[in-house]
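Please look over the sequence and the structure below before reading on. The report then goes through the fold step by step.

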Amino acid sequence: MNSKFNFHVKPKLILFILTAVCIGSIAITYFRQDSAVSVGEAVGYLVVPMQKGINSIGTWLYDRTQDRLDLEEAKSQIAQLEQDNQELKDNLEKYQDASLENRRLRELLELKDTYKEYETVGASIVAKNSGNWYSSFTIDKGTNDGLALNMNVIADGGLVGLITEIGPNFSVVTSIIDDGSRVSGMIKSTQSNCIVTGDLSSMENGLLKLDYIQTDFDISEDNLIVTSNISDKYVPGIVIGYATNVTLNDDKLTQSGYLEPAVDFSNLSEVLVITTLKETTDGQEAGEE
């Protein structure tokens, strides 16, 4: 037996149902409008403070990060400034050293011009004896540079000493302040002779001993002492220093006193070596260094 199921919905019914649903939705929306606003406000009360808090935290973190970056940049700039400052100090020290060396070399050139009748060779001091004074020191020139024993050494406006030991590329200079040194000098104005004796104990006061001065010496007229013509090792006319504190000896025949050296024996760097040797004679003065 065959049966047939026939289901048929009219279009008008579907249209009615859809229309009813739309009207109902509109009604629900209308009557719940106030509730929807209240919910929105509630959400606003919760979300807005949270949003502000999140923004504040974000701002604080940004500021801290920026501060850290600024601090690192400041540290970097300080390090760079310190480096630049050190470079400036180094350059200043180099400039001062160069300026000081230039002044010393200029003084040597002036000294060379003062004693232009003598041939000279410049040399640098590379070592010295212990103590505050340059009583003995080594220079960087020797026989390879034409130097020889007993050549006179000058610097800083006057006589320094003699070469007493020599090698191919070095020389040892014994200065006039050494305890064993004796220099035949003369008063430049009168040509009268005297003896300058090295004395390290007197050098503590910046002085050397001065003996055998004639009684007619007048210190107020001329107190300049130079190397004498009768010296067996020192060429004549080199400034030694200036007489001071001269008094009459007990024998009433001579005077004695002290001499202020023309050279600063506490501070020497470069010297001039006079390559002209003193011509010796039979009439050399005994006891001279």
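How many of the residues of strand β12 (residues 270-274) are buried? Strand β12 is mostly covered, since 5 of its 5 residues are buried, where buried means under 20% relative accessible area, exposed means over 50%, and partly exposed lies in between (1.4 Å probe, protein chains only).

## Basis of the report

The model is a predicted one, in which local features need pLDDT of at least 70 and side-chain atom pairs count only at pLDDT 80 or more, while totals for chains, interfaces and linings use all residues. Residues are numbered from 1 along each chain as its sequence is written, and side-chain values use heavy atoms, with hydrogens and water left out.

## The chain as a whole

The chain contains 3 helices and 12 strands, which are DSSP runs numbered from the N terminus (helices are H or I with at least four residues, strands are E with at least two). Of the 289 residues in the chain, 30% are buried. Among contacts with a separation of 6 or more, 61% are between residues 24 or more positions apart, contact meaning heavy atoms within 4.5 Å. The accessible surface of the chain is about 18800 Å², and carbon and sulfur atoms hold 55% of this surface; such areas come from the Shrake-Rupley method with a 1.4 Å probe, and for residues only the protein chains shown count as cover.

## The nonpolar core

The largest nonpolar core has 50 residues, a core being a set of buried Ala, Val, Leu, Ile, Met, Phe, Trp, Tyr and Cys residues joined through side-chain atoms within 4.5 Å. Phe137, Ile139, Ile176, Ile225, Phe265 and Leu268 are the residues with the most contacts inside this core. If neighbours within four places in sequence are left aside, the contacts of Phe265 include Trp133, Tyr134, Leu159, Val160, Ile176 and Met203.

## The barrel that contains β12

A closed barrel of 6 strands runs in the order β1-β2-β5-β4-β3-β12, with antiparallel pairing. From one strand to the next, the twist averages 45 degrees, with axes taken as lines fitted to C-alpha atoms (for helices over the stretch in contact) and angles running from 0 to 180 degrees between N-to-C directions. Two strands count as paired if DSSP finds at least two bridges between them. Strand β1 (residues 120-128) is joined to β12 by 5 bridges and runs antiparallel to it, and in this pairing Ser124 stands opposite Glu270. Strand β3 (residues 152-155) also pairs with β12 in the antiparallel sense, over 3 bridges, and here Val153 stands opposite Val273.

In a regular strand the side chains alternate between the two faces of the sheet. Both faces of β12 are covered, with Glu270, Leu272 and Ile274 buried on one side and Val271 and Val273 buried on the other.

Strand β8 (residues 208-214) pairs with strand β11 (residues 254-261) in the antiparallel sense over 5 bridges, and Ile213 stands opposite Gln255.

Thr244 lies in strand β10 (residues 239-248) and is buried at 16% relative accessibility; its contacts beyond four places in sequence include Leu207, Ile219 and Tyr258. Thr197 lies in strand β7 and is buried with a relative accessible area of 14%; beyond four places in sequence, its contacts include Arg182, Leu208 and Lys209.

## A salt bridge

Which residue forms a salt bridge with Asp199? The partner is Lys209, with the closest N and O atoms 3.6 Å apart, and the rule asks for a side-chain nitrogen of Lys or Arg within 4 Å of a carboxyl oxygen of Asp or Glu. Asp199 is in the loop between β7 (193-197) and α3 (200-203), whereas Lys209 is in strand β8, 10 residues apart. Asp199 is buried at 9% relative accessibility, while Lys209 is partly exposed at 37%.

Most residues other than glycine have a negative phi. Asn150 has a positive phi of about 70 degrees although it is not a glycine; Asn150 sits in the loop between β2 (136-139) and β3 and is partly exposed at 32% relative accessibility. Lys252 has a positive phi of about 65 degrees; Lys252 sits in the loop between β10 and β11 and is exposed at 57%.
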